[in-house]
Every structure is written in C-alpha cells, then in structure tokens.
Amino acid sequence: MSVRRFISAGFAALALTGFSAAGAQDLETYQQRQRDLEALAGLFGELHHLRRTCDPQFEADAWRDRMKTLIDLEEPQDAEREALVQEFNKGYRNAQRAYPRCDRRARDYAAARAAQGEAVVARLSAPLHEQEDEDEDFVSSPYMITPSADPVTEN
C-alpha cells in the first residue's frame, strides 16, 4: 500500500468514525487511541522532513498539511492538541538529525515508517470497519415493498 493511500484511508476513517475526546469511550480505548494518534503525528513529522528532503517538488508541505487535517478532524482538547504537535515536531527533528540529506537510507527509512504506519491506521480505523460489518448484517426481506422504478401517474 502506498504512503498516500494509507494516509488517505486513515483520514477517511477518522472523519467517518466521529471520535472525539468527549465521546463515550472507556478509558483504555481512549488512551490507546491517544497513543496511536501521537504515533501517527510523529510519523507525519518524520515523513514531513524526509519527503521535503527527497521530493520537495511534489511533497514540500504535504505531511504538514496532513497533520493539520488530522487535528481539524480530531478536534482535540488543548492538552491533546499540544501532545500531537509535540510528537510531530519531535519526529521531524529526529528524522532531520538522522537523515540530513536524501539518500538510499533515507528513502528506505521513509518506506519502512510508512509500512509501520499502516498498523496504526488499521487500529484507528477498526471501529469504522466494525460499523461496516454491522451494516452488512442487515438483509432486506424478499417481502419488503419497495416503490417501482416507474411511478404510476393518474391522468
């Protein structure tokens, strides 16, 4: 799965599941979700540096923009927002120190981190998939009356 596809899927899942800190989640689920969001923010920071270094003509601010979208979709409380921003910046600085220029190692690391991010996105989007499964359990009855495709009109 490409980096862009896994991030797009993650954003779609975040938007459709409607999670927020104010939601009725149990504490453990909420804490795991926060850890996953922070891990994703750190990943975005790393990829922001790496992609700006390796592909500036295509992705100069793409990962920063994705981080902004994540925050917009998530609507975190101030402390949670600050934690996400700190993880993004920490990921950026760590990648900047480890990969000051684009080379094969930097590209390989970016690909590996994107692959690791798929697991995070999968956890974040799992509730969406569970909801889809529940929706698929509904089977319409063959006796259900549905309107015809051509409505009958009276003259």
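L43 is buried in this predicted model, because its relative accessibility is 2%, which is under the 20% cut-off. The residue lies in helix α2, which spans residues 27–54. The C-alpha atom of L43 is 9.7 Å from that of A95, although 52 residues separate the two along the chain.

L43 is also touched by R113, as is E46, when residues up to four places away in sequence are not counted. R113 belongs to helix α6, residues 104–136. Between the side chains of R113 and E46 there is a polar contact of 2.5 Å.

**Helix α2 against helix α5**

Two packed helices are described by the angle between their axes and the distance between the axes. For α2 and α5, the axes come within 7 Å, and the crossing angle is roughly 35 degrees. The crossing is right-handed. Which kinds of residue make up the contact of α2 with α5? The contact has 10 nonpolar residues, 7 polar ones and 5 charged ones.

E75 sits in the loop between α4, residues 62–74, and α5. The phi angle of E75 is near 50 degrees, which is a positive value in a residue other than glycine. Is E75 buried or exposed? With a relative accessibility of 59%, E75 is exposed, because the cut-off for that class is over 50%.

**Confidence of the model**

The mean pLDDT of the protein is 78, and 66% of the residues reach 70 or more. Among the elements, helix α5, residues 78–98, has the highest mean pLDDT, at 97. The lowest mean, 52, belongs to helix α1, residues 3–17.

Where pLDDT is low, the predicted coordinates should not be read in detail.

Conventions:
Residues numbered from 1 in each chain as written. Predicted model: local features only at pLDDT ≥ 70, side-chain atom pairs only at ≥ 80, totals over all residues. Heavy atoms only, no water. pLDDT = per-residue confidence, 0-100. Helix = DSSP H or I, 4+ residues; strand = E, 2+ residues; numbered from the N terminus. Axes fitted to C-alpha atoms, helices over the stretch in contact; angles between N-to-C directions. Left-handed = near helix turned anticlockwise from the far one by under 90°. Nonpolar A, V, L, I, M, F, W, Y, C, P; charged D, E, K, R; others polar. Buried < 20%, exposed > 50% of the residue type's maximum accessible area, 1.4 Å probe, protein only. Polar contact = N/O pair within 3.5 Å; in protein donor to acceptor, adjacent residues only side chain to side chain. Contact = heavy atoms within 4.5 Å.
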